[in-house]
Amino acid sequence: PIGLGSSTSLILTIIGEVLAPILIIVGLKTKLASIPAAITMFVAFFIIHASDPIGKKEKALLYLICFVVIFLTGAGKYSLDGLLNKNKH
């Protein structure tokens, strides 16, 4: 949809919808993992579902907002990132 080709788009989508959310759930490299997930939801909302009614594309917008908030706030103290940073001090 953004001119990268179908194979490249599929690989990037798998990273943004499968691998990055797994890292976010586990709490490992959370800020970094939220970037491809947010980009995927941005493309889904503004490009793929651009002509659809808001009811069909609202889930992509909701996930986009959540991934941006996760990027801004970080993982928290009970994540793997929090535990690893706690051991450094």
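Good morning. I begin with D81, whose side chain places a polar atom 2.9 Å from the backbone nitrogen of K29. The side chain of D81 also reaches the backbone nitrogen of T30, at 3.0 Å. A polar contact here is a pair of N or O atoms within 3.5 Å; within protein, one must be able to donate a hydrogen and the other to accept it, and residues adjacent in sequence count only if both atoms are side-chain atoms.

A word on the source. This is a predicted model, in which local features need pLDDT of at least 70 and side-chain atom pairs count only at pLDDT 80 or more, while totals for chains, interfaces and linings use all residues. Residues are numbered from 1 along each chain as its sequence is written, and side-chain values use heavy atoms, with hydrogens and water left out.

D81 sits in helix 4, residues 80-88; helices are DSSP runs of H or I, at least four residues, numbered from the N terminus. D81 is buried, meaning under 20% relative accessible area with a 1.4 Å probe, protein chains only.

Leaving aside neighbours within four places in sequence, D81 is in contact (heavy atoms within 4.5 Å) with G27, L28, K29, T30 and A75.

Finally, the chain as a whole. The chain has 4 helices and 0 strands, and buried residues make up 27% of its 89 residues.

Methods: Helix = DSSP H or I, 4+ residues; strand = E, 2+ residues; numbered from the N terminus. Buried < 20%, exposed > 50% of the residue type's maximum accessible area, 1.4 Å probe, protein only. Lys, Arg positive; Asp, Glu negative; His and termini not counted. Salt bridge = Lys/Arg side-chain N within 4 Å of Asp/Glu carboxyl O.
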